[in-house]
Amino acid sequence: MPKVFKYCPICGNKLQKKDLGVLQCVSCSFRLYPNPKPTTAIMIRNEKGEILLVERAVEPKKGLLDLLGGFIEYDETAEESACREISE
Ligand SMILES: [Zn+2]
């Protein structure tokens with residue numbers, strides 16, 4: 001990872017290097033992961049126009065509402081990943 005990230009983009013405090021190269025803000029909960037991965041975000045709307053949201057089970061943002069979705073596995077297409085995430 002290039003050493004261009006020294007400060008938190010959220011609060012401006014220093015970023016500290018953690019395990020696996022993760023950079024974590026010394027002040028807030030912001031974490032910068034050195035290995036961004038492709039993901040899916042799925043929006044399901046019923047006939048009433050209601051949108052399905054899920055409660056995040058893990059950090060970051062555990063307990064907050066989110067769209068269905070997750071990381072695309074190595075051998076999946078985005079569509080296959082979306083179907084797997086919905087079934088999970
Ligand atoms: Zn911060």
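Two strands count as paired if DSSP finds at least two bridges between them. Strands themselves are DSSP runs of E with at least two residues, helices are runs of H or I with at least four, and both are numbered from the N terminus. With those terms, look at the sheet. It is an open sheet of three strands in the order 1-2-3, with antiparallel pairing. Strand 1 (15-17) and strand 3 (31-32) form the edges, as each of them pairs on one side only. Strand 2 covers residues 23-25 and runs antiparallel to strand 3, joined to it by two bridges. Take Leu23: its bridge partner in strand 3 is Leu32.

A word on the source. This is a predicted model, in which local features need pLDDT of at least 70, side-chain atom pairs count only at pLDDT 80 or more, and totals for chains, interfaces and linings use all residues. Residues are numbered from 1 along each chain as its sequence is written.

How confident is the prediction? The pLDDT is the predictor's confidence in each residue, from 0 to 100. Its mean for the protein chain is 90, and 97% of the residues reach 70 or more. Confidence is highest in strand 6 (residues 65-66), at a mean of 96, and lowest in strand 3, at 90.

Now step back to the whole chain. It has one helix and seven strands. Read from the N terminus, the elements run β-β-β-β-β-β-β-α. The radius of gyration, taken over C-alpha atoms, is compared with a globule rule: 2.2 Å times the number of residues to the power 0.38. That rule gives 12 Å for 88 residues, but the protein chain has 16 Å, well over that value, so it is more spread out than a compact globule. Along its principal axes the C-alpha trace spans about 45 × 30 × 20 Å.

The chain also divides into parts. Domain bounds here come from an automatic or database domain assignment. The assignment gives domain 1 (1-35) and domain 2 (37-87). Their centres, taken over C-alpha atoms, are 25 Å apart.

What share of the 88 residues counts as buried? The answer is 3%. A residue is buried if 20 or more other C-beta atoms lie within 10 Å of its own, exposed if 12 or fewer, and partly exposed in between, with C-beta atoms placed from the backbone.

Tyr7 sits in the segment before strand 1. It has 12 C-beta neighbours inside 10 Å, so Tyr7 counts as exposed. Two residues are in contact if their C-beta atoms, placed from the backbone, lie within 7 Å. Leaving out residues up to four places away in sequence, Tyr7 touches Gly12, Asn13, Lys14 and Leu15. Val26 is 19 residues from Tyr7 along the chain, and their C-alpha atoms are separated by 9.5 Å.

Next, go to the loop between strand 5 (54-55) and strand 6, where Pro60 lies. Most residues other than glycine have a negative phi, and most peptide bonds are trans. The peptide bond from Glu59 to Pro60 is cis, with omega near 0°. Lys61 is in that loop too. Lys61 is not a glycine, yet it has a positive phi of about 65°. Lys61 is exposed, with 10 other C-beta atoms within 10 Å.

Leu64 also lies in the loop between strand 5 and strand 6. With 10 C-beta neighbours inside 10 Å, Leu64 counts as exposed. From C-alpha to C-alpha, Leu64 and Asp19 are 25 Å apart in space, and 45 residues apart in sequence.
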